[in-house]
Amino acid sequence: MPTILTERPTSSPSASPATSSTGSTPANGTVSGTARRSDHKVILLGFDLGTNKSCVLAGAPGSADFAVSKVIPSVVGYVKEGIVDGIITGNQRLLFGDLALQNALHAELVAPLAEGIISQQEAARDFFHHVRSLVDPTGQAEIRAVVGIPANAGSAARDSIRQCAMGSFERILLIPEPFLAALGFREDGRVGQPGYVDPVTNSLFVDIGGGTSDLCLVQGYFPTPDDQISIPFAGDAIDSLIMDDLNRTYPNNGLTRGRIREIKEAHAYVGAIRKPIDVRVILGGKAHTLELGEVLGRAANTLIDRIYPALTSLIARAPSDGVVTLLQNIVVTGGGSQIKGIDTVLQQRLVDDGYEAPKVRLAGQDYKRYVALGAIKAARSARDNQWQVLLG
Amino acid sequence: MQLVRRVCLLRALGRHDEARTLETDEFPSTLAAVRSSLDSSALPDSEVQALFEAEYLRVSEASLLAELLAEWFQGGSRSSSSNLPASPPRAVHHNPRGDGSHAAAPAIADLLDQMLEAESRPHPKPHRT
Ligand SMILES: Nc1ncnc2c1ncn2[C@@H]1O[C@H](COP(=O)(O)OP(=O)(O)O)[C@@H](O)[C@H]1O
């Protein structure tokens, strides 16, 4: 690919690396002087490019602070022709994230990604441009972005990200998301302390998103497709099960997918059926109370049935001498990690199946930020000559 | 007792499966042999337990010291600041199926080297299915 240069000596990985972030000569001389804008400010960007939501963390190379920290719905709104002035703030033609969603009536909404990879090139390009303008309003800085990619992303998916990022970022590195999640989740200050198992060296991440649940071993190297099992059953599938069940019990209930999702996000749980869970809904303009304990439990428990075999199959793939430690480091993340009881139910299943002292933890409220946090940590660690230069 | 030390060492290394195998398969017969060579009141279970605890403590102190020394050596050779020369990639081989579980935290820059090298290879190795 002529426009992407890897500024590193590819033939000899043990060759001495470039040593300075301020204008050293690349070892193989592949990059022209124009690619290195040493007179410009460098901004490091950790970018979790998600199907539903993206997270952006940016900061200066020498600093631990973030100048920008944002979660943005991954959506671009193209304002429809004929929308009169004043309807959209600032009469913008392109809207992003929440602003796009708020103006759904006046704009064509395009999600740049589907199932973790770019499906709409133009929207992705516009979205990247927007991210650049957030982290560098002056447009003068050199942006070095570490972008998370699914562990099973192929080379076409990688190329697509690089192509779309051209013109928005000057340098880029693509790193598998589960690794970045582990790096972001890691408590750096505790690494090396007795009893602390570094999730980067031995963990299993269960990421329950909208379209897929991705389970991945993180074992001290960048995970490959062999380390991951993706199951096309996650939050959206739970919504569908709830909807089907409700349609059977309450035909013509008129509940939208959005409302069902809200109900799920407020009440979903796994484990023994809990009753009653009374939910107030408006049907045909009138308030009704529906008892949804069983419906919600049944739908969410299906998720457990779907992901548990993948969990045990990945545990079986882990090296036998590290498996007991691995069992201490199973982390559930993604929106689905918010389902009540998911950690205890998975853990109990492992105990019941005889696994040695398993411990399943939740990534916690900050789950949306771990991939981006890992990405910016990786950006800080990347050597100058490892960045792939995008010549836009 | 050599066997007690081996069990404790395996546990400290996180190799619990092997430790358990030693404990359940070899240890009872060795203990029985030791007991029968002494008089019948020798080595009650409480003493065996104490032996394990003392040995475990020694092993964990030794492994902690080893970790600290390893960190200290690494700290001397690898700079934490990205503005200073980074150490060349360690002479470790990328070994996805190998024993990554007890390794010290990998240096991100080394992993990036491995990834970029793999990407630059014309035909990536086929993945196991
Ligand atoms: N509190 C919650 N309880 C149950 N599900 C939730 C909760 N919050 C978010 N979700 C679900 O998580 C899914 C989105 O997860 P997320 O990790 O953001 O997606 P992705 O990685 O696919 O972009 C959606 O199906 C959403 O409804």
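Where in chain A is the place of A:Gln219? A:Gln219 sits in the loop between strand S13 (213-218) and strand S14 (228-231) of chain A. The model is a predicted one, in which local features need pLDDT of at least 70 and side-chain atom pairs count only at pLDDT 80 or more, while totals for chains, interfaces and linings use all residues. Residues are numbered from 1 along each chain as its sequence is written, chains are lettered from A and ligands numbered from 1 in the order in which they are written, and side-chain values use heavy atoms, with hydrogens and water left out.

**Chain A as a whole**

- Chain A has 10 helices and 19 strands; helices (H or I, at least four residues) and strands (E, at least two) are DSSP runs, numbered from the N terminus.
- Of its 392 residues, 54% count as buried. Buried means under 20% relative accessible area, exposed means over 50%, and partly exposed lies in between (1.4 Å probe, protein chains only).
- Among the contacts in chain A with a separation of 6 or more, 65% come from residues 24 or more positions apart. Contact means heavy atoms within 4.5 Å.

- The side chains of A:Gln219 and A:Asn202 make a polar contact (2.6 Å). A polar contact is a pair of N or O atoms within 3.5 Å; within protein, one must be able to donate a hydrogen and the other to accept it, and residues adjacent in sequence count only if both atoms are side-chain atoms.
- A:Ile88 lies in the loop between strand S5 (76-79) and strand S6 (94-96) of chain A, and A:Ile88 is buried because its relative accessible area is 4%.
- Leaving aside residues up to four places away in sequence, A:Ile88 touches A:Val79, A:Ile83, A:Leu95, A:Asn103 and A:His106.
- A:Asn103 is 15 residues from A:Ile88 along the chain, and their C-alpha atoms are separated by 7.6 Å.

- In strand S2 (residues 42-48) of chain A, 7 of its 7 residues are buried.
- One side of S2(A) carries A:Val42, A:Leu44, A:Gly46 and A:Asp48, and the other carries A:Ile43, A:Leu45 and A:Phe47, so that both faces are covered.
- S2(A) pairs in the parallel sense with strand S10 (residues 142-149) of chain A over 6 bridges, and A:Val42 stands opposite A:Glu142 in S10(A). Two strands pair if DSSP finds at least two bridges between them.
- S2(A) runs antiparallel to strand S3 (residues 53-59) of chain A, joined by 5 bridges, with A:Leu45 opposite A:Ala58 in S3(A).
- The hairpin formed by S2(A) and S3(A) has 4 residues between the strands.

**A second hairpin**

- Strand S15 (residues 278-283) and strand S16 (residues 286-291) of chain A run antiparallel and are joined by 6 bridges.
- A:Leu283 has A:Lys286 in S16(A) as its bridge partner.
- S15(A) and S16(A) form a hairpin with 2 residues between them, and A:Gly284 in the turn has a positive phi of about 55°.

- S13(A) and S14(A) pair in the antiparallel sense over 4 bridges, and A:Ser213 stands opposite A:Ile231 in S14(A).

- The largest nonpolar core has 51 residues, of which A:Leu204, A:Val206, A:Leu215, A:Leu311, A:Ile330 and A:Leu346 touch the most other members. A nonpolar core is a set of buried Ala, Val, Leu, Ile, Met, Phe, Trp, Tyr and Cys residues joined through side-chain atoms within 4.5 Å.
- Helix H7 (residues 293-317) of chain A gives this core its largest share, 12 residues.
- A:Val206 touches residues including A:Leu215, A:Ile307, A:Leu311 and A:Ile330.
- Helix H4 (residues 177-185) of chain A is mostly covered, with 9 of its 9 residues buried.
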